[in-house]
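Morning, everyone. Please bring the complex up on your screens, and I will walk you through the chains.

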Amino acid sequence: MTKRTSAMIGERLAVAVLSLFLVSLAVFFITELLPGDTAQELLGQAVTKEAAAILREQLGLDRPAVLRYMDWIFGLFRGDLGFSLVSNRPVSDLISERLPNSLILAAITMAITIPLALGLGIIAAIWRGSIFDRAISSAAIMFVSFPEFMIATLIVMLFSVYLKWLPALSFLPPSASFTTIVLAFIMPVTVLVFSSCSQMIRLTRAAISDAMATPYVELALLKGASRPRLVLRHALPNSVAPIVNSVALSMSGLLGGVIIVETVFNYPGLAKLMVDGVMTRDMPLIQTCSMIFCGFYLLLIMAADIIAILSNPRLRR
Amino acid sequence: MTSASIKPRRKVRFRVKPLAAICLLVVLFWVIVALFAPFFLRYPVGDLVSYDYFGPMSADYWLGTDYLGRDIYSRLVMGARYTIGIAFAGLILAGTIGVVLGLLAAAFGGLFDTLLSRAIDTFVGIPNLLLALVIIAGGGSSIPVLIGAITAIFFPGCYRFTRSMAVNVNALDFISAARARGEGHFYIMIHEILPNIVGPILADLGLRFVHIVLLLSGLSFLGLGVQPPYADWGAMVRENIIGISYGAPAVIIPCLALASLALALNLLIDNLPQRIRDHLE
Amino acid sequence: MTTLSNAPEAPLASVKDLRVTATTDSGREIEILKGVSFDVHRGEMVALIGESGSGKTTIALSLLAYVREGCHFAGGQVLVDGRDLTKLSESECRKLRGHKVSYVPQSAAASFNPSRKIMDQVIEVAEIHGIFDANTAREKAIKLFRSLSLPNPDTIGERYPHQVSGGQLQRLAAAMALLGDPELVVFDEPTTALDVTTQIEVLRAFKSAIVERGMTGVYVSHDLAVVAQISDRIVVLKDGEVQEAGTTDQIVGAPAHPYTQSLLAAFKPVVPASASDDTSRDRVLETRDVVAGYGVLGPDGRPQVVAVNGVSLTLDRGQSLGVIGESGCGKSTLLRVLSGLLPAASGGLLLDSRELRPQIAQRSKSDLQRMQIVFQLADTALNPAQTIGNIIGRPLTFFKGLKGAEREKRVIELLDMVRMPAQFRHRLPRELSGGQRQRINLARALAAEPEVLLCDEITSALDTVVAAKVLDLLRELQRELHLSYLFVSHDIHTVETLCDRIMVMYAGKCLETFNASDLHQDARHPYTKLLVSSLPTLDPTWLDNLKQDPELVRKFAHA
């Protein structure tokens, strides 16, 4: 690695930290400063102003926002995630129960989606214009246009209602057998794969198509290279940056999909926890959950940037 | 190819693909439904008109009835108004803010551009739904908050797209010629840069509209979008989701409406002339 | 090189009545080749000469059984060894390309894959066609590098394309084409993108390889002088049709077709503009020790990357100063500094003996109006979204406040001044040809009624014949309007014909300034002499007889 490369990677890291700071500011001030009163909400509409004021003081909501932000952010560093206003339990407890479930779901989906989407995108690019390419491209544009809950609904209808093969909910009793677990994952994972694959296929194919229009691919063609060689040996190595970027983007889209899917299948994950938090306006819970999600997102983007830097021979040596 | 000097002046023509024409018709159909929704209603939207919940399609209830026995057809028509109306309002706001800031950043450059781009880049890729949840958690769910959330979530993308297009144009010699003449930043923004990038920007806004519609219906599906008794298409799916076990049209029909609008717009933009499409993605 | 053979053997390649059409975005069909025929015999180098749009590259690619996207064979045959290439299947095409027929591209810099090592790309042909194993191929490549006089032949292949200069890449591309021992080699403008001093080295290497191997090939170029050095026969093309074909001596010495004659006219010896006897030295523009560049200013007040390094020049009213130098010498940057687009870091600018501020924003409107810049590429210098009328009209409104009918009247006058019909004001730039656009580009600058025109390579992108007309126009305008030109170009020939005085730049510095009529004198700076001697002439023996001091070449050429 050259000095320049290390400097660029260092810059990415710095940018990521700065971004995390900006995001934390945004999350905190949006949830705290927009109209809508947590204390009022907690006690319901009927309470007196006094009762609300007392509660507000207990929660520390009467202190200046900047101080509360500092408390919160230093709390995060110490691992003190605050106290859920609704369930009266530490946020860290709630999250540690749910986070692994979401991670498993996301990991399985990514393990299937990334190779599948890259493979299909690359094959479509190799045989550009063929029936296979057109079928893949049409399917991709269809699934990009369908909302996740629609894909979920259709899959539930197919597997649970008509075929009666799978349970409609993914609730897992502790004693569940391996088969039950696998069956429970099939539908949520399928939905996520469909919704995140299509965008990645489109972007991969587009990135390779761009590289295919360059003079060096034309020269390779004039050397007698076959289509697979043109794509795999000449276009692909130069499309790493845009492709990795599209993977990161699709994975960030996957987070959105997880929110819908966990709700549809009542899956006990972090996203479901956050949606419930929004319903009950449980601010400490929402703040922590969104910071976790944003942290994951920034990590993805940073990884993509670093891979892109490392894939460029001008920077490598 | 250089051409003879006596070439007659001709308008640039494009081949209109049949698929694009069909898609345009579908989009126009839904726009008209949304614009004139009250004229198409057969029953008031909130009224329970039948004792038969999840009723079948019939001459009285063209698309059947929902879980409370309300007329799905009428709710679908009004739903179009909510879905398209809110999404469009958000698009206009986000588009205006994004395009104006993007042009300013490209024309002025310097520190202004650097700071704005850095700040906006942070938010541009964060999952839409996540940001929306945070905003709704803070502001509650009402139509103004929804529009505000859409604006806040989508203007960074518009900004980035406009800026990158404008920066490309800004590097061309005719801009240098204008600058060397002593033209001001605003003249260059509006008269020299903007006319060259409106096409791609409009196409990009079209794609963003699809994303907005999908986000909005996702929110409504979670119960955080349009609130009862009114419903957009996403909310219609949510409220009827229990009917899924009967395979009720109440769940499928709003899904199909959404899919047809989103797909038609996506395909329409996908089949635009190459010159505009080249700039997308 | 063999002379035209009269042997009865069949030609190796034979193009017969070839037609190629292209389909535009709006679905219209355009004929690119309208029935082209010629033969290539074994051991013979045939040149295809023509300007942009003549179809020469399309023909060259057809010899590899290839047409670019959007084009297709519409008729005729391309026979190589008796097989019609227009009817091959995809896999038959693959077997032919690189093995039987190979290709040297126009821009090797863009044609090498940036993410793979040079050697891998050079020997890829052997791998694709299974000709020899990797080690043999590597040895063969190194031999070829050596015979093309590339530096460090043993190790150069281990580098990436961006680590090698343009002239070297062009020779490496030739090595790549020769590796598979092809029967026919197609050279597609292989030296066009290079500076003249670099071009010589590359041409020398090509020629010795051609002679050594008795190579059969097709050499595409727009430059007759280059082709005269390399080829046995020349085919002259225009608008997809063959105008004239014959031996090199005949085409260069006794051209029959008027079009060929017009191409040759550009090579007539120049009568230098007589240093005007106008003794009233009225200085219109002057610079003193101008330093400018890019990046942050250092503590010494110099930019990070210095592009113009202490240049002083003077320009008298009604005169032309030509600035010559090779790419990267800072000549275009100098114009940007004068126009204020790139403010000078230090040094003085004087317009009409009054100080000119470095920044555009600090200059008065009358200062801005008195000096106008004209850019090289009229394609990008005219706003594609505005009509010609608006493009020319804007300076009228901006500087003179003209509006409505008054402005329209003046626009028509200006169009007339650049010899364009009035109705062109309703058109868009894309509806004009390259030469017409360059005229509009000029008209826009003239609209401000300037005293000084800064011209940045304004004829370089034009075809020879069109460029000559634009130069004529410049001369007439100078006479009529008493304009002063600062004319930047890499083409000595152009500068010599137009300018009174010439300034030579190298690496950001002014080497010398002299009267145009003194260009060929012995007292010139060695670099100036190198530039002049590197300019190819129509004499087919010029390259063989050319003697250049290798020390000098090493010092100044970028090869």
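**Chain C, then B, then A**

Let me start with an annotation. UniProt, in an unreviewed entry, puts the feature "domain: ABC transporter" at residues 18-264 and 285-532 of chain C. UniProt positions are in the numbering used here, feature names are shortened, and annotations may be inferred rather than shown by experiment.

Now the ground rules. This is a predicted model: local features need pLDDT of at least 70, side-chain atom pairs count only at pLDDT 80 or more, and totals for chains, interfaces and linings use all residues. Residues are numbered from 1 along each chain as its sequence is written, while chains are lettered from A and ligands numbered from 1 in the order in which they are written. For the complex, the predictor gives an ipTM of 0.86 and a pTM of 0.87.

Stay with chain C. It has 22 helices and 20 strands. Helices (H or I, at least four residues) and strands (E, at least two) are DSSP runs, numbered from the N terminus. How compact is chain C? Its radius of gyration is 26 Å, close to the 24 Å that the globule rule gives for 559 residues, so chain C is as compact as a globular protein of that length. That radius is taken over C-alpha atoms, and the rule is 2.2 Å times the number of residues to the power 0.38. Along the principal axes, the C-alpha atoms of chain C fill a box of roughly 70 × 55 × 45 Å.

Look at residues 285-532 of chain C. That span is 37% helix and 27% strand. Its end C-alpha atoms are 27 Å apart.

One backbone detail here. Asp17(C) is not a glycine, yet has a positive phi of about 50°. Asp17(C) sits in strand 1 of chain C, residues 13-23.

Confidence next. pLDDT is the predictor's confidence in each residue, from 0 to 100. Chain C averages 89, and 96% of the residues score at least 70. Over residues 1-5 of chain C, pLDDT is below 50. Beyond near neighbours in sequence, that stretch has 11 contacts in the model. Two residues are in contact if their C-beta atoms, placed from the backbone, lie within 7 Å.

On to chain B. It has 11 helices and zero strands. The C-alpha box is roughly 75 × 50 × 30 Å, again along the principal axes. Mean pLDDT for chain B is 86, with 91% of its residues at 70 or more. Residues 1-12 of chain B stay under 50, and the model has 14 contacts for them beyond four places in sequence.

UniProt, unreviewed again, places "transmembrane region" at residues 21-41, 82-109, 129-155, 205-226 and 246-269 of chain B. Take two of these. Residues 129-155 of chain B are 89% helix and 0% strand, with end C-alpha atoms 15 Å apart. Residues 205-226 of chain B are 82% helix and 0% strand, with end C-alpha atoms 23 Å apart.

Check the prolines too. The peptide bond from Pro228(B) to Pro229(B) is cis, with omega near 5°. Pro229(B) lies in the loop between helix 8 and helix 9 (233-239) of chain B.

Now, how many residues make the contact between chains A and B? Chain B gives 38 residues and chain A gives 43 residues. On the chain B side, helix 4 (110-124), helix 5 (128-139), helix 8 (185-222) and helix 10 (249-270) each supply at least two residues. Helix 5 of chain B gives the most, with 10 residues. By class, that side of chain B has 24 nonpolar, 12 polar and two charged residues. Ala, Val, Leu, Ile, Met, Phe, Trp, Tyr, Cys and Pro count as nonpolar, Asp, Glu, Lys and Arg as charged, and the others, Gly among them, as polar.

Last, chain A. Its pLDDT averages 84, and 86% of the residues score at least 70.

The UniProt "transmembrane region" annotation, from an unreviewed entry, covers several spans of chain A, including residues 12-31 and 285-310. Residues 12-31 of chain A are 100% helix, with end C-alpha atoms 28 Å apart. Residues 285-310 of chain A are also 100% helix, and their end C-alpha atoms lie 38 Å apart.
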